[in-house]
Amino acid sequence: MLLAVLLPFIIAIFIPFLSRWKHHFHTGFFVTAVPVVIFIYFIRFIGPGFEPVGREYSWIPSLDMNILLYLDGLSLLFVLLISGIGSLVAFYSIYYLHKSEQLGHFYVYFLLFMGSMLGVVLSDNVFVLYTFWEFTSLSSFLLIGFWNYREGSRYGALKSMLITVFGGLSLLGGLVFMSVITGTASIQEIMSQQELILNHEYFPLILGLVLLGAFTKSAQFPFHIWLPDAMEAPTPVSAYLHSATMVKAGIFLVARFFPMLSVSEWFFITVSTVGIFTLCWGSYMAVRQTDLKAILAFSTISQLGMIMAMLGFGTELAVFAAAFHILNHATFKGSLFMVAGIVDHETGSRDIRRLGGLMTFLPITATLALVASFSMAGLPLPFLNGFYSKELFFQSVYELDLSVAGITALLQSIFPYLAVFGSIFTFVYSMYFFFGTFRGKGDIEELPKKPHEAPVGMLISPLILVAGVIVIGLIPDLINEPFVEHAASAIGGTEIAKDIYFWHGISPAFIMSITVVVFGTILFLVRPKWAGVYRVIPGLLSLNKFYDWLVDRTERYSTFITNSYMNGSLGRYVRLILAAILLVTFSAMSFTGGFTVNTSNLSTITVHEVLIAIVMVIAAFGTIIAKNRIAAILILGVVGYGLAMLFVVYRAPDLALTQLIVETVTVGLFLLVFYHLPKLQKTDEAPVTKTLNVIISVAFGLMMTMVAISAHSSKLFESMSSYFVDNSYKLGGGDNIVNVILVDFRGLDTLFEIAVLGIAAMAIFALIRLREKKKEE
């Protein structure tokens, strides 16, 4: 199971090399094999007898952090969507992306995202889940901004990053609280101690933080504004991220913690209200759009709101309907995004005002769009899977328990009307998408390209998804018991089994569906007559304008503050850094009793130590007043060698040897480059600056003195020195304690320090080469 998660990351390493042959063999063929293999591995778990599977792998044992993977019905549903839709999108991209594109970059980002999503849905450790969660934000940022030469792509990528990372940090806070309260990082163990969390005083804060993370990721109102701008990404990205995977990560999070969080009444109030309002707002705004992908973006927002609302309802029927609609939405929405990509690819335009009448030129594409859009509309036909889950949604909202009082009862009485309202506009934008693109009279001659049917390879992926729409619609039991019921049971925390069939009789849910069709048809036919309402609602008000204002103000204030101290003076920068260190250090010492002076257990001071100290002080002052660079370097070396002598006097040969080596190397390096060092000369500074320099330097020296005294006097925790003394030879195999600490006990720190120095050296070398190259030119 771990290999399945890591496989996309491993293959991503080789993509830059494979992309070198892209002109002979499209890189997408190599990439398509990855999700296919993962899909084949996980599909074998489908069946009536499926039982959850857990795996544990050691990660950071010293911190009790292990990679825990857990496969239950919920994660199996998402894993198959991630790998299944991923396979179709990767194959579709072969015909969508030309070989002249930066295919190596695209497929590396694509695989990074796929692996991150697999990690999110399979992780049972909250910190591993969060790590993959943020990887999805990073990789989606790169995918959305793939066409970075477009201003819209850069804007959309940055907006998605800012909003989703903000939500991710909120999620981290909630996960940390849960882990600290329960004393475990395992999600399953946290869920088993749900009473401890539910009765804790911080539970409202935990609920708010977790839901904030979920709402931002799943584009719930008012955080939905990043999703339409993310449509600047290539269509394969939209079909993958914004229909089946990334936007459903927030849905997955709510579903994963549903058994614990849904006990709270505020979960119902918050999740169902946000979800139902997002459904209404998204569907209402979709009809306003003129770009095909923008229509689908707002339709995705509305569909995500419907799923979130069903999770908020919390009943068994609603949970089952949510799990079922997660699958259905992926099939019809993924195919519609691909249809939009085909239209754009073959006509050169996505502007629905310029399109129309394309059924004659793209008959197969139009047929696929017909089935998928009608399924999205929830049209009551037995071969459309969207109708089944839409009717289950109506049934669940109609059957909400009204035996409560207060705001909950008020919401339950309003929700059915809002559900019908949002679904009416869902019907309208579905008809708008299909008929506005493929029927009517379009300005064919004015299109950038003469329209014609897409290549067979580009049609295969949406054809498979539309086939899924029809098969699920005709034979819903094919996926119900072996698949959907397991997902619903995993969400609800108890066994949930529901029958799926087309005809329920003249039920309230069916009446609601017919109402949607009737009023939706009327609104679609007279759309031009009421479209002016958008000038009133939302009118000039826009959350995008608020976002732009907030980002602009943040940049302005940041620039103002930065310019107030960034004047090019290195002396000012050093003073500010030292002043900040003084403030933080003295504040910390005052709060922790760090000014204590304890003279017990101190070594005696003899004339030798005093003489060495005097020489070091004189050398330190000499370095300041020296006028010759070589003299300053040699005098500075006296300070370091004097410190080594003190180590010898105080019987610390390990430290003395290390200090001698470091000081010798440092002095040697200074002497090697002294010719390029700036000449020593006096600078004319204002008296205020000189006074400030003296104050800061004296204060900093006093601070270091107090820190040294406090290190001995204030014992906030048990010293680690005895551990190193006892174990340096036994565990590290070395007599030199300092060297053993550097190489063995903190070997990773040393390794990364060396790596940082190596990277810096390569960067400096590259800059020098660039400067020389410019001089030659």
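**A walk through the structure**

The labels for helices (H or I, at least four residues) and strands (E, at least two) stand for DSSP runs, numbered from the N terminus. You are looking at a predicted model, in which local features need pLDDT of at least 70 and side-chain atom pairs count only at pLDDT 80 or more, while totals for chains, interfaces and linings use all residues. Residues are numbered from 1 along each chain as its sequence is written, and side-chain values use heavy atoms, with hydrogens and water left out.

Pro538 is joined to Ile537 by a cis peptide bond, with omega at about 5 degrees. Phe221 and Pro222 are likewise linked by a cis peptide bond, where omega is about 5 degrees. Pro222 belongs to the loop between α9 (203-217) and α10 (226-229).

That loop between α9 and α10 also holds Ala219. Its phi is near 55 degrees, a positive value in a residue other than glycine. Ala219 is buried, with a relative accessible area of 0%; buried means under 20% relative accessible area, exposed means over 50%, and partly exposed lies in between (1.4 Å probe, protein chains only). Arg651 is not a glycine either, yet it has a positive phi of about 60 degrees. You will find Arg651 in the loop between α27 (629-649) and α28 (653-673), and at 74% relative accessibility it counts as exposed. As background, most residues other than glycine have a negative phi, and most peptide bonds are trans.

Next, turn to Thr245, in the loop between α11 (235-241) and α12 (249-256). What does Thr245 touch, not counting residues up to four places away in sequence? Its contacts (heavy atoms within 4.5 Å) are Ile82, Phe113, Met117 and Tyr240. Thr245 counts as buried because its relative accessibility is 0%.

Now for the charged pairs. A search of the whole structure finds six salt bridges, each being a side-chain nitrogen of Lys or Arg within 4 Å of a carboxyl oxygen of Asp or Glu. One of them brings together the side chains of Asp72 and Arg256, at 2.7 Å from N to O. Asp72 lies in the loop between β2 (65-71) and α3 (73-96) and Arg256 in helix α12, so this pair ties together parts that are 184 residues apart in sequence. Asp72 and Arg256 are both buried.

Within helix α24 (residues 543-565), Arg556 and Asp552 are four residues apart, about one turn of the helix. Their closest N and O atoms are 3.2 Å apart, forming a salt bridge. Asp552 is partly exposed, with a relative accessible area of 32%. Elsewhere, salt bridges that share partners join Asp291, Asp344 and Arg350 into one network. Within it, Asp344 and Arg350 have their closest N and O atoms 3.5 Å apart, and both of these residues are buried.

Finally, look at the surface. A nonpolar patch there is formed by Ile605, Val607, Val610, Leu611, Ile614, Ile618 and Tyr650, with about 670 Å² of accessible area together. Patches are made of residues with over 30% relative accessible area and no salt bridge; like charges are joined within 9 Å, and nonpolar side chains (Val, Leu, Ile, Met, Phe, Trp, Tyr) within 5 Å. Accessible areas come from the Shrake-Rupley method with a 1.4 Å probe, and for residues only the protein chains shown count as cover. Ile618, one of the patch members, lies in helix α26 (residues 607-625) and is exposed, with a relative accessible area of 57%.
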